[in-house]
Amino acid sequence: MRPAASRYNHLTVIAQDPAVLDRKGRVLTAKVALPPEYIAPGPWGYRVQVIDYDASTDRLYPAPEYPTDDNGAVRDPFADADPSRLADDPSFHAQNAYALVMNTLTRFEKALGRRMSWGFGNHQLKVVPHAFADANAFYSRNDEALLLGYFEGRDGRTVYTCLSHDVVVHETTHALLDGLRERFIDPSSPDQAAFHEGFADVVALLSVFSLPGVVEEILARKCGEQGAQQNLIPVSGVDPENLKQSALLGLAEQMGDELAEARGGALRRSVKLSVSPDHLDEPEFLEPHRRGEILVAAVMNAFVRVWSDRMNDLRTVSDGYLDLQRVAEEGRDAADYLLTMSIRALDYTPPVHLEFCDYLSAAVTADLEVRPDESRYRFRKHLRSSFRDFGIDGAQGAVVPTPEGKAVDPATTAVQPPEDAAWLPCSTLALVYDRTHSDPLTRDVDEVFRFIWENNGDLRLTPDAFSQVLSVRPSLRVGPDGFALRETVAEFYQVLRLHPDELEARWKIALPPELDDDDEIPLYGGGTLIFDEYGRLKFYIHNSLDNVARQKRRLDHLIARGALPERGPRTRDFSRIHRLRAFDAGEPREEW
Ligand SMILES: [Zn+2]
């Protein structure tokens with residue numbers, strides 16, 4: 001009889017980075033369970049190809065091999081390796097990068113119920129674990145690659161970014177987000193560039209919780225001698241301030257250690273950002289990584305509140321102590337929920353001009369669709385209140401856009417997530433459906449284009465702009481009644497290129513005199529259409545090109561930052577902003 005086919009490939013990874021140790025003082029490792037696939041030497045899989053070429057030394061490293069066992073699962077060459085030797089083994093570096101990229105891809109696919117595409121059109125992302133001698137790492141759409149650098153640490157040891165869980169997951173998230181929302185790298189609002197950075201950090205932080213055994217190991221440091229013997233943790237060890245300070249909520253510990261002035265700091269610990277609604281307007285927070293920290297702080301503070309609430313419900317096992325396993329399980333389950341919610345939110349974001357408030361509304365809307373009862377974690381409540389603490393209020397659910405392009409609760413005039421709102425549903429729009437067919441509407445960009453063409457008035461498109469449907473994707477989740485919730489997510493964008501005098505004539509927007517008459521100013525708009533299983537429009541999340549106030553805000557911001565007018569070829573990768581950070585010697589902690 002043939003043995004049952006293996007359901008997973010188990011591969012060893014370093015859980016955070018070589019600076020984070022387990023209870024016995026060894027490098028903390030974990031095994032990730034990946035869907036089985038044939039892995040060629042490299043490792044090369046069907047979505048990820050590790051190419052271990054070092055451009056700084058012109059060296060090509062040998063590719064590790066992955067024979068399979070009798071059940072068809074690949075053998076992990078490092079299953080029994082001494083953890084202290086992994087950090088210096090280039091073959092392990094290749095596996096670590098491959099496994100973490102695949103684990104992140106798999107996590108997105110699980111949340112969205114479909115295959116994910118990279119942003120560059122090909123199936124396989126190239127991952128270069130020793131790309132160059134530089135304290136940097138980035139995703140490059142042009143190279144279809146993650147390029148991970150290395151540098152010499154202060155004690156002469158080499159620090160490899162490919163061994164940092166947080167760096168690899170952060171860069172993979174850039175690549176995945178680029179595949180989902182290709183216009184998010186257009187020059188736009190300060191929030192949009194920051195969103196790429198902040199969201200990538202959120203995914204990195206929440207992903208650590210899913211690695212088997214890691215939460216327990218990291219929390220175990222707080223157990224004390226008495227607790228450690230019985231796997232108990234004192235209540236005081238998991239109070240919110242202690243959690244925020246733990247390795248779980250810091251990003252890139254080893255890089256932080258090596259790059260910071262004082263030893264012992266994570267590269268970023270956004271959850272400790274002071275709570276203030278004013279950061280959004282402070283000049284310091286215009287830089288994308290720094291501004292992204294506001295988003296991370298808002299999300300991770302909500303996470304800490306939820307986890308703490310869950311622990312309050314746990315009974316103390318003995319005087320002042322909680323069961324370590326239960327505490328870790330609560331953290332893992334809450335992180336899993338929040339990560340799913342955070343990824344699903346992407347389907348409900350507008351395709352252009354994303355602002356943090358749009359993301360909050362998207363997260364709330366996406367969650368409400370599948371879990372109307374939120375009594376267990378109350379993430380919607382906690383996220384709204386945490387975002388509000390940082391000056392961010394939910395916006396869209398936008399069915400009928402206001403002149404500002406946002407759906408506004410008429411009672412309070414504050415933008416509100418759809419849960420609280422009383423605006424018109426899509427069904428009250430006079431949309432024409434009988435010129436399109438519901439089946440091709442679920443997969444065909446031309447059919448969706450016909451739909452928006454026939455309904456351009458109700459959908460408030462700008463008639464003289466170039467329009468393009470960027471994507472049509474299925475979304476399958478389990479609804480509150482246990483049945484499959486099928487939706488189709490389509491995004492289109494519009495672009496208009498105007499000379500300064502045309503812009504002034506059209507909208508009375510006066511641009512600085514240093515602009516040339518023949519400079520072209522690109523203006524973007526667009527919408528996300530969520531169709532239900534019958535091909536009826538359920539949500540329309542629209543950022544109108546004709547929103548003069550927002551366009552003016554965007555132009556003022558881009559001109560002040562020197563991003564407009566565009567002269568010379570546009571770069572389409574993240575090396576530029578990441579490298580700029582690398583030369584910002586005044587703030588070494590934020591190089592990456
Ligand atoms: Zn980044």
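Q: In the hairpin of strand 7 and strand 8, which residue takes a positive phi near 55°?
A: In this predicted model, local features need pLDDT of at least 70 and side-chain atom pairs count only at pLDDT 80 or more, while totals for chains, interfaces and linings use all residues. Residues are numbered from 1 along each chain as its sequence is written, and side-chain values use heavy atoms, with hydrogens and water left out. Strands are DSSP runs of E with at least two residues, helices are runs of H or I with at least four, and both are numbered from the N terminus. The hairpin has four residues between its strands, and the residue with the positive phi near 55° is E144.

Q: How many bridges join strand 7 to strand 8?
A: Two strands pair if DSSP finds at least two bridges between them. Strand 7 (residues 137–140) and strand 8 (residues 145–148) run antiparallel, and S140 has A145 as its bridge partner in strand 8. The number of bridges joining strand 7 to strand 8 is four.

Q: Are the residues on both faces of strand 7 buried or exposed?
A: Buried means under 20% relative accessible area, exposed means over 50%, and partly exposed lies in between, with a 1.4 Å probe and protein chains only. A137 and Y139 lie on one side of strand 7, F138 and S140 lie on the other, and all four are buried.

Q: In strand 14, what is the bridge partner of Q468?
A: Strand 13 and strand 14 (residues 484–498) run antiparallel and are joined by twelve bridges. For Q468, the bridge partner in strand 14 is Y493.

Q: Which helix gives the most to the lining of the largest cavity?
A: On a 1 Å grid over the protein atoms alone, a cavity is a set of points where a 1.4 Å probe fits but cannot get out, and lining residues have an atom within 4 Å of a point. The lining of the largest cavity is formed by V299, L338, M341, S342, Y359, A363, L383 and F387. The elements that give two or more residues to this lining are helix 10 (324–344), helix 11 (356–370) and helix 12 (379–389). With three residues, the one that gives the most is helix 10.

Conventions
1 Å grid on protein atoms, 1.4 Å probe; cavity = no way out; pocket = protein on both sides within 12 Å on 5 of 7 lines; lining within 4 Å.
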